[in-house]
Amino acid sequence: MVRSPPMLAGSLLACACLIACGNPVESAKTTAPAAPTAAVEAEPSAPEKGVEPEKVVAELNADGTAPDAAREGALVDLVVLISVDGLRPDVIFPHARMIERMRQKGTHAANARTVAKATTLPSHASMVSGVEPLKHGLSFNSYKPEGAHIQYPTIFSAAQDAGLTTGVFVGKRKLQHLLDPSSETHFEVGGAFCHRVTKLALPYLAAAESGVVFMHFSDPDGAGHEHGWMSKGYVDAVRRSDRCVADVVKALRKRGDMERTMVLLTADHGGHDHRHGSRLKADKHIPWILWGGPVQPKRIRRPVYTTDTAATILHALGLKKPSDITGKAILDGLGGPEGG
Ligand SMILES: [Zn+2]
């Protein structure tokens, strides 16, 4: 049974439509778990002759989904997924102090890898769906104004199906393709600088109840392409991103429910020279850090894959995994067996 988090400013949660940066929300549609308003009668199981079958009444949310309490075994109520675009694990120490602290205090996979095609959209789609590009369908790496969207359930669709809210704040518009057009996710594009993304995300985060918040900081990727990975310009961008991560952590602490909140910090790919996308270790290895809530300090040496991100988040929130998902929940630091 999951503790109900305190009601916080609900007005922000009413703003739950798919919106574009700079465009005000035109219609407000709430995705907050609604109070049970509909009751349905369950099919009676073979009643005895002459005996009036006992009516079994199951209460559902207004949209027909099971209420929040159905998340059996949930470890947390809120998951914040932070993807720092192009962040190589070997730049974190000594340049990203906040991320390094999370790596030390949390569960850290020292050998985490992205998908074979180490580019932004395919990799992020695998991160949030738990399957390879062939299955989720986003094998291209650009924004398609004519529309395109992921072809597999995601952490966002699973959370919404369970009556939870979802917010996505990104640096690049092409990440809109991670959402189904019918998604009620609060979506905003902040642009190339992470402080603009956090400016949009932090008020949402302060008011969010149960669910998933995804933040994408693209500074290191932009600097890597421009100045080269591991160059001074790249390191500066990593420092900027680290400050944004620190701002998110500060905002989470302010909420006062850290024990029911988990952060997963990772990246879509690394990079070398001025590019990425090859099979080189510099491109394929990514940071993978679990921190907060029930997470114990742990170092994982076996390979962890970006597809494991979705599976781990679904597990932590007590949500069902699709039966053919590729990723595995990484339970080492969550009180579970290794490789569960
Ligand atoms: Zn990228």
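User: How do you know which part of the chain should not be read in detail?

Analyst: The predictor's confidence runs from 0 to 100. The mean pLDDT of the chain is 84, and 78% of its residues reach 70 or more. Over residues 1-59, however, the pLDDT is below 50, although this stretch has 86 contacts in the model beyond near neighbours in sequence. Where pLDDT is low, the predicted coordinates should not be read in detail.

User: What makes up the chain in terms of helices, strands and buried residues?

Analyst: The chain has 10 helices and 13 strands. Of its 340 residues, 49% are buried; a residue counts as buried if 20 or more other C-beta atoms lie within 10 Å of its own. Among contacts between residues at least 6 apart in sequence, 69% join residues at least 24 apart.

User: Why are strand 7 and strand 12 said to stand at the edges of the sheet?

Analyst: The open sheet has 8 strands in the order 7-6-8-3-9-11-4-12, with mixed pairing. Strand 7 (186-189) and strand 12 (298-300) each have a single partner strand, so one side of each is left without a neighbour in the sheet. From one strand to the next, the twist averages 10°.

User: Which strands pair with strand 3, and in what sense?

Analyst: Strand 3 pairs with strand 8 in the parallel sense over 7 bridges, with Val84 opposite Phe217. Strand 3 (residues 78-84) also pairs with strand 9 in the parallel sense, over 6 bridges. In strand 9, Leu264 is the bridge partner of Leu81, and Leu265 that of Ile82.

User: What makes strand 9 mostly covered?

Analyst: Strand 9 (residues 261-266) has 6 of its 6 residues buried. Thr261, Val263 and Leu265 point one way, while Met262, Leu264 and Thr266 point the other way. Strand 9 also pairs with strand 11 (residues 288-291) in the antiparallel sense over 4 bridges, where Leu264 has Leu290 as its bridge partner.

User: Why are helix 6 and helix 8 called roughly parallel to each other?

Analyst: Two packed helices are described by the angle between their axes and the distance between the axes. Helix 6 and helix 8 pack at an angle of about 10°, with their axes 10 Å apart. Angles under 35 degrees count as roughly parallel, and the two helices are therefore roughly parallel to each other.

User: Which residues make the contact between helix 6 and helix 8, and how do they divide?

Analyst: From helix 6 the contact involves Cys194, His195, Thr198, Leu202, Leu205 and Ala206, and from helix 8 Arg240, Ser241, Cys244, Asp247, Val248, Ala251 and Arg255. These residues divide into 7 nonpolar, 3 polar and 3 charged.

User: What makes helix 3 mostly covered, and what covers its buried residues?

Analyst: Helix 3 (residues 120-129) has 10 of its 10 residues buried. Among them are Thr120, Leu121, Pro122, His124 and Met127. Their cover includes strand 3, helix 4 (133-136), helix 5 (155-161), strand 9 and helix 10 (307-316). After helix 3 comes Gly130, whose phi is positive, near 85°.

Conventions
Residues are numbered from 1 along each chain as its sequence is written. This is a predicted model: local features need pLDDT of at least 70, side-chain atom pairs count only at pLDDT 80 or more; totals for chains, interfaces and linings use all residues. Two residues are in contact if their C-beta atoms, placed from the backbone, lie within 7 Å. A residue is buried if 20 or more other C-beta atoms lie within 10 Å of its own, exposed if 12 or fewer, and partly exposed in between; C-beta atoms are placed from the backbone. Two strands pair if DSSP finds at least two bridges between them. Axes are lines fitted to C-alpha atoms, for helices over the stretch in contact, and angles run from 0 to 180 degrees between N-to-C directions. Angles under 35 degrees count as roughly parallel, over 145 as roughly antiparallel, 65 to 115 as roughly perpendicular and the rest as oblique. Ala, Val, Leu, Ile, Met, Phe, Trp, Tyr, Cys and Pro count as nonpolar, Asp, Glu, Lys and Arg as charged, and the others, Gly among them, as polar.
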